[in-house]
Amino acid sequence: MASASATLLKSSPIIDKSEWIKGQNLRLPSVGVVRCHPISALTVRASSYADELVKTAKTIASPGRGILAMDESNATCGKRLDSIGLENTEANRQAYRTLLVSAPGLGDYISGAILFEETLYQSTVEGKKMVDVLAEQKIVPGIKVDKGLVPLPGSNNESWCQGLDGLSSRTAAYYQQGARFAKWRTVVSIPNGPSALAVKEAAWGLARYAAISQDSGLVPIVEPEILLDGEHGIDRTFEVAQKVWAEVFFYLAENNVLFEGILLKPSMVTPGAECKDRATPQQVADYTLKLLHRRIPPAVPGIMFLSGGQSEVEATLNLNAMNQSPNPWHVSFSYARALQNTCLKTWGGRPENVKAAQDALLVRAKANSLAQLGKYTGEGESEEAKKGMFVKGYVY
């Protein structure tokens, strides 16, 4: 891919945010006397996609809008369909995804949609390309690019995320198909440690993926999910999250990733799902915002939280609490189950229920849009929307 380079004069005190410094870290000698050597020049690398990456990220991180995560693998989509008595066939997956992307007015609340590879190349039941339907709604198409979790040898029964092999050619093809952002999900388990090896592997994999995606013109969503599994309290989650995010941003910088051209998809700081002491939305907001202020540079345009098995209402209440005062970033959502659960059950695989299911999706999308603006009240929510969706050892 083409790249541009420039020379930074020795006297230049500031490096523009839209560029990367490329080169070795300068280390001081360990001896007591420091010898200063003149530096002739620093090489600055700027991606030919830099301006587009920044524009895409800002579009997704627009006021009152968030991301619809509909990138479930075919196997996971099959589990969802099975829950309503439908067989896992391409036709049924197509029908459900058509329902989602064609919901009238969805783009008022949704700025981006993460797709599975099948969906990126798929047409709707009516024969229109899914990506074209999204574009008509002013929703940016995205693509899941990781290849899933596998056991991490040498760890405490932890996982690592595969998919770097061939990623450059795949992301280039996805860009040609219409995708403009990407997603890579890796996980950290608190009950299993987490070990230093697992944290470093997660951070390094995310950083390499992010650099490769930006080289192909795709805004990378950086997602190290700290799983809800466990009996730990909220302070332990905060402690682990600080370590994980420090490692992630260290390696993003080492890989020359443009911070203005990424989006983050973190877990909220909550107690473990099996912890007896539950946290209020205000406590979740206080802990989570404290973490963000300590670890996330304001250059990053958007924080798009995952729901991680919270109920639809719980995820929305927590997001709303975080938006009661201005933040340096766009603090929003990237929900899958917390947007789709009631919608899926309302549909039930019946054509006559499509409109009602789309209405249910729009109710959740609008609720989270209001939460992004700090205006959600929680009034009139259904009992279904209040049900938790935590699944121990959840596989996406």
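Is the crossing of α9 and α10 left-handed or right-handed?

1. Crossing of α9 and α10. The model is a predicted one, and in it the crossing of these two helices is right-handed. Helix α9 covers residues 281-295 and helix α10 residues 312-322; their axes come within 8 Å and cross at roughly 55°.

2. Residues between α9 and α10. On the α9 side the contact involves P281, Q282, V284, A285, T288 and L289, and on the α10 side L317, N318, A321 and M322.

3. The chain as a whole. The protein chain has 12 helices and 13 strands. Of its 396 residues, 55% are buried. Among contacts with a separation of 6 or more, 81% are between residues 24 or more positions apart. The accessible surface is about 17800 Å², and carbon and sulfur atoms account for 52% of that area.

4. Helix α2 and its partners. Within α2 (residues 74-82), the buried residues are T76, C77, G78, R80 and L81. These buried residues pack against two helices, α3 (90-101) and α11 (337-347). The axes of α2 and α3 are 11 Å apart, at an angle of about 80°; the two helices are therefore roughly perpendicular to each other. N74, C77 and L81 of α2 meet N92, R93 and R97 of α3. The classes in this contact are two nonpolar, two polar and two charged residues.

5. R97. Beyond its neighbours within four places in sequence, R97 is in contact with M70, E72, N74, C77, F116, E118, T119, Q122 and M130.

6. G148. This glycine sits in the loop that runs between β6 (140-144) and β7 (149-151). G148 counts as partly exposed, at 22% relative accessibility. Leaving out neighbours within four places in sequence, G148 contacts W160, C161 and Q162. The C-alpha atom of G148 is also separated by 8.1 Å from that of T186, which is 38 residues away along the chain.

7. Backbone points to check. Most residues other than glycine have a negative phi, and most peptide bonds are trans. The peptide bond between G193 and P194 is cis, with omega about -15°; P194 belongs to the loop between β9 (181-188) and α7 (196-215).

8. Positive phi values. Which loop holds N157? N157 is in the loop between β7 and β8 (159-161), and its phi is near 55°. With a relative accessible area of 68%, N157 is exposed. N256 also has a positive phi, near 60°, and lies in the loop between α8 (234-254) and β11 (263-264). N256 is buried, at 14% relative accessibility.

Conventions. Residues numbered from 1 in each chain as written. Predicted model: local features only at pLDDT ≥ 70, side-chain atom pairs only at ≥ 80, totals over all residues. Heavy atoms only, no water. Helix = DSSP H or I, 4+ residues; strand = E, 2+ residues; numbered from the N terminus. Buried < 20%, exposed > 50% of the residue type's maximum accessible area, 1.4 Å probe, protein only. Contact = heavy atoms within 4.5 Å. Areas by Shrake-Rupley, 256 points an atom, 1.4 Å probe, with all protein chains shown as cover. Axes fitted to C-alpha atoms, helices over the stretch in contact; angles between N-to-C directions. Left-handed = near helix turned anticlockwise from the far one by under 90°. Parallel < 35°, antiparallel > 145°, perpendicular 65-115°, else oblique. Nonpolar A, V, L, I, M, F, W, Y, C, P; charged D, E, K, R; others polar.
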